[in-house]
Amino acid sequence: MRQSDTLPEARSSGAAVVQRGFNWQRIVLYIILLLFAVYYLLPLYVMLVNSFKPLAEIRGGDMLALPGTWTTAPWASAWSTAQIGVQATGLKPYFINSILMVVPAVLISTVLGALNGYVLTKWRFRGHGVVFGLLLLSCFIPFQIVLIPMARMLGLLGLAGTTWGLVIVHVVYGLGFTTLFFRNYYEAFPTELVRAAQMDGAGFFRIFFRILLPSSGPIIVVSVIWQFTNIWNDFLFGASFADVDSVPMTVALNNLVSSSTGVKEYNVHFAGAVLAALPTLIVYVVSGRYFVRGLMAGAVKG
Amino acid sequence: MKETLQSWLPRLVLAPSFLLILFFVYGFILYTGYLSMSDSRMLPSYGFVGLDNYEKLWKLRHWTGSLKNLAVFGTLYIAICSVLGLLLAIFLDQKIRIEGMLRPIYLYPMALSFIVTGTAWKWFLDPGIGLEQTMHQWGWESFHFDWIKSRTHAIYTVVMAAVWQSSGFVMAMFLAGLRGVDPDIIRAAEIDGASRARIYWRIIIPMMRPVFLSAFVVLAHLAIKSYDLVVALTGGGPGKATELPATFMYSYTFTRNLMGIGASSAIIMLIMIFSIIVPYLYAELKTDRAS
């Protein structure tokens, strides 16, 4: 089952079944669909609205009401002064940690995935199926199975608690997915073009850079978005392997929200949660199509 | 010389990735497998103890409890996501004019971190401040909803948050499946006088069997891996009411310093996931080759 594109809008199988004259049915249908939209949007709305309220107003009760007095103090606090663990630094340094971790990890895993996909489709060798199978299977392992040896290995490499250690972890456990994306994409790329270029004396890398790469735009976007979302949202590896100056955003947010000292500043928690969600949400709004395509490729193997 | 380099180049390019995976995935699985049969406690130790850790593991209420929780959570999560996803997909597939606006709204939770989802729902479900409080404010004084604080019901709140996060994704899978149905089949059934509900029930939904299977595999493996959401939503509590194998493994390995038992629980998680995923991938790759 290969997903050439996500969800073609044009043709509805249900459309053929729709009968005319039952307008009330259509109205009920629209109401149901809109109610579900409200259901999915509600938590985000509640977080946003309450992040602009003073704490007293939140305690007062109505979580759906718009703020009586708007304040951006919770945002300022979440970003630069809130207590995270033992330090009152706000989330800013952790946001930066996450970026420093995500950018190299996404780039390296995407480049390797592209090369792997290229080899596995256009330069097949005996045993290529086994190699691909092992890479694919690695996408699904429960990461608990690698936590103990990975902690040891990072220690041996002198990378324990560093951002580079986390980069390596995310590259290794993202390789299966990026390889899968590019392998499926290049599978559909006409091999004749590659063979013709070979006849003309073009080598391995020349063919890749001149012929395949120029038409790889969409799948590069899919791979980058997928890796970005997954690595930004990761919690387990961050919680297991990060140290003071490499803790990523998700872990910092959890520390902020679950810290048991002092008053629970819900408005600050919400501002922090939205800050943590913002990068992936922006990516989703800008290029949701590609995000869905990555999801589907991850679900429906090719 | 150049010839041989050219012929080896592809394998040389693939080699680093393959070796990384071989070592960091499969090598590590073997290592954890050995630790699960060792006397490791706070640090890895290599004294062989056979299956002792597994025997101890299955005698732990904490472990069997987390498996029961996983069974409840997993069953409801998969069932509700599948039904809801299918229904939403069918509804959206009726030439809905605002489909382009609704679809991204149904799907965006999938782009969020489970920690963010957990933070939002924890507050929403907190009887002191969230939904219950709001209902009281609105005048419904007797409204009572404190599942998140209840030992018997907290696991259902994990289901609620997880369904919110993933059901839109299942909807997208079913929608893609529905768009692949040949409209001629439906037209033919209509000519035979079949009702709309009957056409869906007898013809279209049975055709969605491969999507049900994909959704099951994806959701089941997500359920077994679930960790972040529980940490952010309930922290495994109240008591141990929402502990899952993933949280069990973490606390036994890193906070209780019983690494041997932690490793054996990780191996059981791996076996659960592989027994679902390996046959599926095998079948998928096989049909792929045939086509």
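I began with Asn257(B), which lies in the loop between helix 12 (245-255) and helix 13 (259-290) of chain B; helices (H or I, at least four residues) and strands (E, at least two) are DSSP runs numbered from the N terminus. The model is predicted, and local features need pLDDT of at least 70, side-chain atom pairs count only at pLDDT 80 or more, while totals for chains, interfaces and linings use all residues. Residues are numbered from 1 along each chain as its sequence is written, chains are lettered from A and ligands numbered from 1 in the order in which they are written, and side-chain values use heavy atoms, with hydrogens and water left out.

I noted that Asn257(B) has a positive phi of about 55° although it is not a glycine. Most residues other than glycine have a negative phi. At 26% relative accessibility, Asn257(B) counts as partly exposed, where buried means under 20% relative accessible area, exposed over 50% and partly exposed in between (1.4 Å probe, protein chains only). I then looked up Lys95(B), in the loop between helix 3 and helix 4 (99-107) of chain B, and found its phi near 55°, again a positive value in a residue other than glycine; Lys95(B) is exposed, at 54% relative accessible area.

Next I checked confidence, given as pLDDT, the predictor's confidence in each residue from 0 to 100. Chain B has a mean pLDDT of 88, with 98% of its residues at 70 or more.

I counted 13 helices and 0 strands in chain B. The radius of gyration of chain B, taken over C-alpha atoms, is 24 Å, well over the 19 Å that the globule rule gives for 291 residues, so chain B is more spread out than a compact globule; that rule is 2.2 Å times the number of residues to the power 0.38.

Of its 204 residues, Ile141(A), Met150(A), Tyr173(A), Phe73(B), Tyr77(B) and Tyr106(B) touch the most other members. The largest share, 17 residues, comes from helix 13 (residues 266-299) of chain A. Leaving aside neighbours within four places in sequence, I found Tyr106(B) in contact (heavy atoms within 4.5 Å) with residues including Leu33(A), Phe36(A), Leu88(B) and Met171(B).

Technical notes. Core = buried A, V, L, I, M, F, W, Y, C linked by side-chain atoms within 4.5 Å.
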